[in-house]
Every structure is written in structure tokens, then in C-alpha cells.
Amino acid sequence: MPKYKIAWLPGDGIGIEVLEAAKLVLDRLRLNADYIHGDIGWEFWCREGDPFPQRTIDVLKTVDAALFGAITSKPIKAAEAELAPSLKGTGLIYRSPIVRLRQLFDLYICLRPCKAYSRNPLNYKEGINLVIFRENTEDLYSGVEFYPVPEELSEILRHLSPPFSAFGGLGSDQYAVSCKINSRKASERILRAAFEFARKYGRKKVTVVHKANVVRATDGVFLEAAQGVASSYPEIAWDDANIDAMTMWLLKNPSSYDVLVAPNLYGDIISDLCAQMVGGLGFGCSGNIGDQLAVFEPTHGSAPKYAGQYKVNPIATILAAKMMLEWLGETQKAQRLEEAVAEVIREGKVRTYDMGGSSKTLELAQEIGNKL
Ligand code: IPM
Ligand code: MG
């Protein structure tokens, strides 16, 4: 009997190609697993009005982990235009399946390691080795949004003191409200995950990213939670920084940072910045981790313009597969895979176009496989 059940969610666009590359290396590692395909992506939105159908949710309830490729998404009106004729005008709204997946399965940790592998020509600086813990279930991603704004909410706003009360006097379609919701519970658990990681791997510092000087209520909760959690880890140094200053300091001196922990949206922003410092889209990998399930993915999107060409860099997805192996407890396989990736980057013989080479997606995967 296979040891693991893994949901296989290619999505669309280049998601399909990069997952093929990941499968190639997992097979070379002889991972004893059953891979169960799950329908997810743009074509299911167009055909069924749901990019993340219930049958895929049911598959995810039965597996140990999942590997996810990428999904195309479009603004509301453009998405509606591509619906099957029978579904048009039914009020269906396109929502990002990956955000839904994170919330539905309470995958509260978004773990994004950003490591500069030696001699990657795309490294911003050598030696960068940052790890981001991004809260993954709430904040501005709560999905609680109002447009048009209902009368009850306008009423509350009208009762505030000026100038805030002025919003309540606007017409319901003259403004919109997106709620940033940060609970103490979700803040504490992501902070605890970051400090636990620092303790387990002997990391030197945790930096808490926020904007509590302006966004006082919600980021205030996050910062207060940080003070509480940090007190249980007296041996680990920590500091905090505003998100805007953080982007500047990260560029200026990435080696002053180690583990970063942030609410959802700030984590989203700094993870793109940090991915770019270690080679860009082809290198950013990500784990969405909960207590029961974890879903691993490259940080990049579906790049529709490259779809079907097998030219994109599969390393982000292969590193996501490496994270999955670690999470499953397959530490040795994870280590071998990371060493193989590092060696191929160091040698520089097989490179995709982003690294200045002309190798194809599966050739690079094959080369990594040959080192295993
Ligand atoms: C990411 C992406 C997603 C996000 C998008 C695709 C919804 O940017 O994983 O960082 O915003 O979380
Ligand atoms: Mg992002």
C-alpha cells in the first residue's frame, strides 16, 4: 500500500507543466505515494461557474498533503464574460480558489523560505536566507467586503465623529468597504509558528512586520500578540518594523533579517520582494500549512502567455515539493532533492530562459533528477 495520499492539483496555464516537472523528480526519489488528481482552475469556472468544485474539496479531505500548480484569475467583469452562456447573469462571482482553499481548510501558516542558492545568476546578493511566516486566513483577505455598502453600515459610519462620519453620507455605490480583520487567535498562532521555527532551526532573530503606527486597531492586536508570544521564547531575539520601512531595509541589508512574520497582506507583499531577491518567480516556493492538511505551491501565477511552451523554470515547484517532503517527515529525500537543485544551479549547465539559458522545463527537472 502506498504510504501517502497526495492530491495533485495542476490548475491551468503553466501550472500543468511545472507539476509535471515535480512529478518527474518525486518519481526519481521513489516517493511511495498515490497521487489523486483534483479539478481546479479557470476551465472549471468557465464551464461550471466554480473554479474549485466540491468534488475537489472532497478529495482534499482524504489526503495527507497536496501539490498545487497555478490558476489564472481575472477581474470580476472579465471573468463573467467567459462563463458558459447558461451561467451568465446568474450572479456568480469569481473568487480566488487558493484563498478559498487556505480558509476552508484553515491552512493558517503560509511558509515562504527565500534562499539564494549559490551562483544563481539572478541572486540579488549571495547568502540571503530568509524565511517568511505569513498569516494565511484573515486580515484584508477576510473576504468581508461591501459594495454597494448596505444601509446598516452607512448608519454606523454616520454616527462616528467627523471627518469619518462623512463616508456614511455618501451614496451606497459611491464607496466600498473591505474589512481588515485580525483576530488574537490567528495572530498568536502564526507568531507561535514563527518562534517555534526559529527555536527548532536555531535561527537568530524574528522580525514582526506591521503598520501599527497607522492601522492601530488590527495591527495593534498583531503587535500585542507578538509581545505575548515572544515572552515565551526568551532565548530568541526579536524586533518589529513597519511594512514600508521593512521593504527598504530588506533591500538595503537583507542579511540583518532572518525569520519574518506578518499579517496576510504584508506577508504577501514582502514574499514577492524576497522571492525577487533570490531569483524571482522561478524560485519562490510556498507551503500553506494547517494542523490536518498542507498544500504546497510555487508562489508564481499561471503565466498564460507561456502556457504549453514548457519553457518556464520548474525550480519553484520542485522546491515546493521539497517542502512537502519535509512536512511528510521524509527529511532525507527532502535534503537530497534540495542538494540536487543547489548543484544544478551551481553548475549552471542546464538553465531555463529566466536564468539566461535555453533549456526547457522538463530538461531542467531531468537534470535535477539525474543528481538524485
Ligand atoms: C500568493 C498570491 C495569491 C495571494 C493570489 C494568487 C490570490 O499572490 O500566493 O502570494 O494573494 O495570496
Ligand atoms: Mg502573492
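## Pockets, sheet and a helix crossing

The second largest pocket is lined by 30 residues, of which Leu111, Phe197, Tyr201, Lys322 and Glu326 lie nearest its centre. We're working on a predicted model, where local features need pLDDT of at least 70, side-chain atom pairs count only at pLDDT 80 or more, and totals for chains, interfaces and linings use all residues. Residues are numbered from 1 along each chain as its sequence is written, and side-chain values use heavy atoms, with hydrogens and water left out.

**Exercise 1.** Work out which elements give two or more residues to the lining of the second largest pocket, and how the lining splits by class.

*Solution.* Start with the term: on a 1 Å grid over the protein atoms alone, a pocket is an open set of points where a 1.4 Å probe fits, with protein on both sides within 12 Å along at least five of seven lines; lining residues have an atom within 4 Å of a point. Next, list the elements, which are DSSP runs numbered from the N terminus (helices: H or I, at least four residues; strands: E, at least two). Finally, sort by class: 19 nonpolar, three polar and eight charged. Here Ala, Val, Leu, Ile, Met, Phe, Trp, Tyr, Cys and Pro count as nonpolar, Asp, Glu, Lys and Arg as charged, and the others, Gly among them, as polar.

**Exercise 2.** Find the strand order of the open sheet and its edge strands.

*Solution.* Walk across the 10 strands: 2-1-3-12-11-4-5-10-8-9, with mixed pairing. Two strands pair if DSSP finds at least two bridges between them. At the edges sit strand 2 (33-37) and strand 9 (237-242), each pairing on one side only. Now zoom in on strand 3 (residues 65-70) and strand 12 (residues 294-298): they run parallel and are joined by two bridges. Leu67 has Phe296 as its bridge partner in strand 12.

**Exercise 3.** Describe how helix 12 meets helix 13.

*Solution.* Take the geometry to begin with: the axes of helix 12 (residues 331-347) and helix 13 (residues 361-370) come within 8 Å and cross at roughly 120°. Axes are lines fitted to C-alpha atoms over the stretch in contact, and angles run from 0 to 180 degrees between N-to-C directions. Then pick out the residues in contact (heavy atoms within 4.5 Å): Leu337, Ala340, Val341, Val344 and Glu347 in helix 12 meet Leu364, Glu367 and Ile368 in helix 13. By class, that contact has six nonpolar, no polar and two charged residues.

How values were computed: Chains are lettered from A and ligands numbered from 1 in the order in which they are written.
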